[in-house]
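Hi,

Here's the structure I said I'd pass on.

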Amino acid sequence: MRVIPYLILIVALASCNSNQEGEAKQDDSVVNKPAADTSDLKTATSVKSVADIQNAYQEVTNLYKKKSLDSTSFKYDCNGETGGTVSYFAANGNLKLIVHRYHEYDHHEAEERYFVNEGSLYFLHQRSLSWSFDSGPEGATRDQITEQRSYFLGNNVVKCLEKKYEIRKHAGVNPNPDSVANKEVDCKKFKSPMAIFEKLKLYWKSEPPACLAL
């Protein structure tokens, strides 16, 4: 007559232990899940195609916009004729992006974004602007803008895009830069950026010069 209660007790204990193991496994899965702001980029060691380049570019751009990357920068000036700012962005101690903004005299300015994976350049976005006075109201100006995009695998450029557009500050209608189509062009048209990239990379962790000659 006492066997049945004893069996009931054993079944209850087994059920309790089973529930505790399930909860423990669930807790472990939560604890081991990496935090979004401390995980490295998914494509950190895989940039082997144009599709990989596009994915890596998007990941870094998203982190840059969210201000989730560690950053440092320096400014330089070359006798008032040229000058600019070089900024470095890193994730988990690995350099991911170099942004170089500079001007030459009064009528030209540019921005270059070097996307980096394991110390190598895989994508470069260049935007240059030259302005001049325009017809119309006093002080009217005309901006001529060129954007170039270059894709790299190893040290070889594999794809190049370009678009050009003009902004007239006092015109009633101006093009939306995002709506201007890129055109694929012969990469030989672009000057190789490797020498400049390697020079910029040098000053990520070393003392920069007062005048940066590139």
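Cys78 is buried, at a relative accessible area of 8% (buried is under 20% relative accessible area, exposed over 50%, partly exposed in between, with a 1.4 Å probe and protein chains only). Its partner in a disulfide is Cys211, with 2.1 Å between the sulfur atoms (a disulfide being a pair of cysteine sulfur atoms within 2.5 Å). Cys78 sits in strand S1 (residues 70-78) and Cys211 in the segment after helix H3 (194-202), so the bond ties together parts that are 133 residues apart in sequence. Helices (H or I, at least four residues) and strands (E, at least two) are DSSP runs, numbered from the N terminus. Cys211 is partly exposed, at 37% relative accessible area. The link is right-handed, with 105 degrees about the S-S bond.

Before you read on: this is a predicted model, where local features need pLDDT of at least 70 and side-chain atom pairs count only at pLDDT 80 or more, while totals for chains, interfaces and linings use all residues. Residues are numbered from 1 along each chain as its sequence is written, and side-chain values use heavy atoms, with hydrogens and water left out.

A search of the whole structure turns up two disulfides. The other pair is Cys160 and Cys187, with sulfur atoms 2.3 Å apart. Cys160 is in strand S7 (residues 156-168) and Cys187 in the loop between strand S8 (183-184) and H3, so to speak distant parts of the chain, 27 residues apart. Their S-S torsion is about 120 degrees, so this disulfide is right-handed. Cys160 and Cys187 are both buried.

With the bonded cysteines numbered in sequence order, the pairing is 1-4, 2-3.

Cheers
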